[in-house]
Amino acid sequence: MDKNKKYLITSALPYANGALHLGHLSGAYLPADIYVRYLRLQGRDVAFICGSDEHGAAITIRAKKEGISPKDIIDKYHSLNKSTFEKLGISFDYYHRTSEKLHHETAQGIFKKLLEKGGELEEKTTEQYYDEEFKQFLADRYITGECPKCGHSEAYGDQCEKCGSTLSPTELVNPKSTLSGNTPILKKTKHWYFRLDKHADWLRDWIKNGMLDGKQHHDSKTWKKHVVGQCLSWLNDKEGLQPRSVTRDLDWGISVPVEGADGKVLYVWFDAPIGYISSTRQWALENGKNWEEYWKQGPDKLELVHFIGKDNIVFHCIIFPAMLKAHGEYALPMNVPANQFLNFEGRKFSKSKGWGIEQHEYLEEFKDFPNKEDALRWALIRNMPENRDSDFKWDEFVDHYDKDLADNLGNFINRVVVLTNSYFEGKVPAAAIADDEAAFIEKLKPVKKLANSVIDEIEKFNFRAAAAALMELSSWGNQYLQDAAPWAARKSDPDAEIIKESLFVSLQTVAALSILCEPFIPFTSLRIRQLLNLPKAKNGILELVEAKLKLGKPLIPVGHKIGKPAILFAKIHDRKDKSRLEIIERQKAKLEAVLAAEKANERPPIKPETTFDDFTKLDIRTGTVLTAEAVPKTKKLLKLTVDIGIETRTVVSGIAEHFKPEEVVGKKVLLLANLAPRKLRGVVSQGMVLMAEDAEGKLGFVSAGEAWGNGLTVR
RNA sequence: GGCGUGGUAGCUCAGCUGGUUAGAGCGUCGGAUUCAUAAUCCGGAGGUCGAGUGUUCAAGUCACUCUCACGCUACCA
């Protein structure tokens with residue numbers, strides 16, 4: 001640990017197209033905040049950087065749909081996300097936005113540098129769809145058409161939301177521009193591609209061994225296994241890294257700073273991570289700092305850490321580093337401690353299904369819940385998806401709050417404050433060990449040890465373990481007080497030394513807790529400090545605490561007058577006051593309502609009207625499955641032979657995840673017999689077996705019944 | 001299908017380079033205690049370490065096969 005190092009800590013830039021839920025918070029923002037607050041307590045020079053990612057086609061499409069401007073959308077979510085983070089105590093030094101001029105200049109500057117350097121960007125001309133009426137090229141999301149895979153009539157140019165296939169616009173059947181509704185034409189367009197493929201070798205050495213330019217950059221063992229694993233999986237892929245297009249034909253974004261590139265913008269993935277840089281620049285500008293010290297120094301002078309969710313690993317560990325290295329002047333991240341995903345009561349968060357809770361919703365729903373910010377932070381920390389997916393449950397929220405914060409931490413502090421007030425008029429007692437450094441050190445050894453383990457775990461990005469160590473410290477306090485039992489000593493001798501000593505030690509422990517808990521539960525830290533009548537934990541105080549514990553100096557001096565007892569955490573399970581429990585119960589009831597509603601309806605809407613003529617074009621026949629076998633090297637496909645009376649058909653069907661081959665043999669089915677044959681994985685499929693599908697995607701066979709023969713028509 | 005990560009007490013998780021009776025917290029059961037928010041403290045019960053095979057004097061820890069979960073990637077009616 002070098003005190004002279006600069007620390008640049010970033011959290012993933014939220015896309016300004018929606019609100020963030022608890023999973024985002026626990027994945028990328030809360031861990032970063034803990035780390036940053038810790039660094040500040042240690043007196044380190046740190047910049048905590050974030051901002052809104054405001055470009056990309058998704059925003060323009062939504063704007064179009066809702067009849068508003070992209071600016072309306074990004075303004076709305078920029079301010080919502082920014083203010084929500086503030087309320088939850090996420091202590092960004094700067095929360096910028098990529099629509100700012102400074103960002104546009106920064107991104108263009110980097111693009112130009114790469115272009116001038118040569119060899120990093122290459123031009124390629126391809127054919128893309130163009131809307132003649134609107135006179136513009138169409139981004140993938142601006143084109144809809146029939147999905148070639150499932151036939152869904154409103155698939156987008158990049159993917160079909162019905163079957164989840166990844167598509168390219170030219171695959172769509174009957175493509176339509178969402179702008180004019182016309183059929184677009186193919187037209188040539190020029191784009192720039194970043195030669196990612198040229199960077200594979202050094203990236204591999206950097207990720208695997210932590211080596212950069214022949215020098216040790218970081219210790220790769222300190223990176224999370226799933227992070228290194230996924231990167232190497234990419235780097236070792238037999239296809240290898242491919243050049244990636246960095247520009248698009250779009251009117252929303254950062255214009256490509258090249259002559260004759262009108263109507264072209266930087267692809268959002270290229271400009272978004274550069275947002276970290278522009279955000280730092282803006283922060284430096286407003287705070288009299290030199291931004292380059294936070295981006296352009298060697299690993300001995302600067303530590304860059306990206307906090308992200310696992311969906312962003314490849315971007316932050318491969319693509320962005322490659323961009324920075326290609327540019328040549330920027331530092332690469334020292335670590336990218338990506339978290340996995342947080343589920344919510346056993347399922348993925350889903351806005352459309354109403355599953356989960358967004359950050360601002362939580363604040364609203366819990367507005368009458370005292371200390372709601374720390375209650376949430378604590379529950380999320382205790383269950384952070386650090387190495388595997390985890391699950392947020394209200395019952396655990398309650399447990400963590402009551403057991404840890406109220407019973408353990410809160411109650412310990414309360415015991416100490418009450419005893420100090422009733423035995424010593426609220427003053428830190430003059431225990432003999434207060435002036436005896438050796439004895440002090442000996443008595444407070446466990447405090448020092450546990451404080452060190454909190455620190456150690458934070459440094460290793462093990463925030464769950466750090467939080468557990470914090471609880472151990474408060475547990476130790478409870479245990480110590482119980483053993484010392486000043487209330488018992490007082491009965492026989494009111495002046496017994498153990499009474500003074502035990503409270504002196506306990507008060508030192510509370511003082512240590514008030515600081516050590518700050519990264520996790522900052523609002524509570526402040527309240528404990530107030531209870532002790534001490535000022536807010538300020539930057540650098542933790543290194544003083546470490547020094548004092550080492551030298552045997554009190555953290556809170558003899559004679560210091562503390563405040564009156566006050567409850568820090570009112571329990572949720574409280575026999576006198578049900579109000580907090582009611583808030584929780586309301587949340588649980590909401591989830592049950594969602595589940596009930598799902599069971600009740602949840603049927604896809606009726607498709608657009610069709611004609612009898614169209615229907616009669618379909619030749620549907622009754623049939624019986626004769627044989628079934630898995631198609632090799634596929635997960636979903638079964639090769640079936642179906643007897644339809646007049647002949648036997650070979651059909652490839654995507655049902656292998658639902659049925660084993662032997663379960664299918666002998667099934668009565670309906671077969672669409674005049675579907676154009678299509679080759680799938682080398683097998684020609686002559687028809688399609690009709691299936692019913694439920695809301696969870698489960699499939700069921702459809703047939704005319706056991707008694708029916710094969711080859712009969714359906715009408 | 002390929003790749004990655006994970007599968008350890010009822011629940012949430014620790015277990016570094018293989019080495020004595022596999023750990024913690026919560027829950028549970030029993031006891032102590034009263035300064036305290038039905039809080040605290042002490043003690044007990046509870047695990048064939050996903051399944052199997054192998055390497056080894058010795059495997060939760062290494063290798064192989066299988067299985068389940070999650071993700072990336074390919075393919076997909």
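Trainee: What is the relative accessible area of Trp 269?
Mentor: This is a predicted model, in which local features need pLDDT of at least 70, side-chain atom pairs count only at pLDDT 80 or more, and totals for chains, interfaces and linings use all residues. Residues are numbered from 1 along each chain as its sequence is written, chains are lettered from A and ligands numbered from 1 in the order in which they are written, and side-chain values use heavy atoms, leaving out hydrogens and water. A residue is called buried under 20% relative accessible area, exposed over 50% and partly exposed in between, for a 1.4 Å probe and protein chains only. Trp 269 is therefore buried, since its relative accessible area is 9%.

Trainee: How many aromatic pairs are there?
Mentor: Rings of Phe, Tyr and Trp (its six-membered ring) pair if their centres lie within 6.5 Å, and planes under 30 degrees apart count as stacked, over 60 as edge-to-face and the rest as tilted. By this rule, the number of aromatic pairs is 41.

Trainee: What is the angle between the planes of Tyr 267 and Trp 269?
Mentor: These two rings, 6.5 Å from centre to centre, form a tilted pair. Tyr 267 is partly exposed, with a relative accessible area of 25%. The angle between the planes of Tyr 267 and Trp 269 is 50°.

Trainee: Which kind of pair do Phe 344 and Trp 394 form?
Mentor: Phe 344 has a relative accessible area of 1% and is buried, and Trp 394, at 0%, is buried as well. Because their ring centres are 6.2 Å apart and their planes stand at 85°, the pair is edge-to-face.

Trainee: How many residues apart are Phe 344 and Trp 394?
Mentor: Helices (H or I, at least four residues) and strands (E, at least two) are DSSP runs, numbered from the N terminus. This pair links distant parts of the chain, with Phe 344 in strand E16 (residues 342-344) and Trp 394 in helix H11, and the separation is 50 residues.

Trainee: How is H11 placed relative to H16?
Mentor: Axes are lines fitted to C-alpha atoms, for helices over the stretch in contact, and angles run from 0 to 180 degrees between N-to-C directions. Angles under 35 degrees count as roughly parallel, over 145 as roughly antiparallel, 65 to 115 as roughly perpendicular and the rest as oblique. The axes of H11 and H16 come within 10 Å and cross at roughly 135°. H11 is therefore, relative to H16, oblique.
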